[in-house]
Amino acid sequence: MDTNKRPDNMQRITTKALADKFIEEQIAAVRAQVGNGKVLLALSGGVDSSVVAALLIKAIGKQLVCVHVNHGLMRKDESENVIKIFKDELDANLVYVDATDRFLDLLAGVSDPEKKRKIIGAEFINVFADEARKLDDITYLAQGTIYPDILESIKQAEGKKAVKSHHNVGGLPEDLKFELVEPIKLLFKDEVRVVGEALGLPHAMVYRQPFPGPGLGVRCLGAITRDRLHALREADAILREEFDKNGLAEKVWQYFIVVPDIKSVGVRDESRYEGWPAIIRAINTKDAMSATIEEIPYAVLHKITDRITHEVEGINRVLYDLTPKPIGTIEWE
């Protein structure tokens, strides 16, 4: 039996009753798999890893060690918020690792999206392995892999190329020393949210903006530089702030900025000013396999444009991506 294939008769999880049943089954499965072993969880603070954390805490309690890695590709204040929520409020057994230089040094000069994903995925495993050596008897690695990750990372039919590989699927090295624990890998994103609410996680956490495993690494298009990465992080923070102010944060499933490695001529203080474009993407979807474009009011777009071009050093244009999925993907890389 292919454990990475969703059974044809698997019922979609749309209600609390179905979610409770799924949780009960997964708790039993995790306990059977892990026994008295200890589990290391890659806790990004996103929806998927948060749901896995809550489920594993119910299943194995203090046998779970959560590790949050700041790879330098997080959104503004992201790591600080993860520490506040999980360590201070949820009392999780949390280890914080600042690996910014480690990741950015490896990514220097790498422009190919797949190579970037592979590097980030492999280095994540290396970081977890380093942390595991500091702990006693860690033999399992938990991940927030969900079904769209698998579908987009494998060849669906002979002659078709994978859409892209995910850090938790295609990026895993062949000599992985941990046994994987992936309790939600057959769920779509909307099902993960239903399970998260059934587990009692806060609404704001369950409906938090999706964020890719490679983080801003796949939104800082091409070879990553620290100055362009900083500009991207600041522009993205402005976008999220304005969406919050204008009631769009929960109306739009995913919204973010990408900054490509190209420059155009602009004017600032009556002088020539070369800068990067900031590209807005705002989409809605139910299962992440297809997506439609959310129409953003022009007044909001103008305000975002004005703030980004005046407040973010290095950006001189703001563009709006109108491409649905398919033909585009949700992310640019």
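Colleague: In which loop is aspartate 77 found?
Modeller: This is a predicted model, in which local features need pLDDT of at least 70, side-chain atom pairs count only at pLDDT 80 or more, and totals for chains, interfaces and linings use all residues. Residues are numbered from 1 along each chain as its sequence is written, and side-chain values use heavy atoms, with hydrogens and water left out. Helices (H or I, at least four residues) and strands (E, at least two) are DSSP runs, numbered from the N terminus. By that numbering, aspartate 77 belongs to the loop between E2 and H3.

Colleague: What is the phi of aspartate 77?
Modeller: Most residues other than glycine have a negative phi. Aspartate 77 is not glycine, yet its phi is positive, near 65°.

Colleague: Is aspartate 77 buried, partly exposed or exposed?
Modeller: Buried means under 20% relative accessible area, exposed over 50%, and partly exposed in between (1.4 Å probe, protein chains only). With a relative accessible area of 43%, aspartate 77 is therefore partly exposed.

Colleague: Where does aspartate 137 lie, and what is its relative accessible area?
Modeller: Aspartate 137 sits in the loop between H5 and E4, and its phi is also a positive value, near 60°. This residue counts as exposed, since its relative accessible area is 63%.

Colleague: In what order do the five strands of the open sheet stand?
Modeller: Two strands pair if DSSP finds at least two bridges between them. E1 (residues 38-42) and E2 (residues 64-70), for instance, pair in the parallel sense over four bridges. The edge strands, each pairing on one side only, are E3 (94-98) and E5 (179-181). The pairing in the sheet is parallel, and the order is E3-E2-E1-E4-E5.

Colleague: Which strands does helix H5 touch?
Modeller: Contact means heavy atoms within 4.5 Å. Helix H5 (residues 113-133) packs on the sheet, and the strands touched are E1, E2, E3 and E4 (138-142).

Colleague: Which two residues does a cis peptide bond join?
Modeller: Most peptide bonds are trans. Here there is a cis bond with omega of about -15°, and the residues joined are lysine 325 and proline 326.

Colleague: How many helices and strands has the chain, and what is its radius of gyration?
Modeller: The chain contains ten helices and ten strands. The radius of gyration is taken over C-alpha atoms, and the globule rule is 2.2 Å times the number of residues to the power 0.38. For 333 residues the rule gives 20 Å, and the chain is close to that, so it is as compact as a globular protein of that length, with a radius of gyration of 20 Å.

Technical notes. Axes fitted to C-alpha atoms, helices over the stretch in contact; angles between N-to-C directions.
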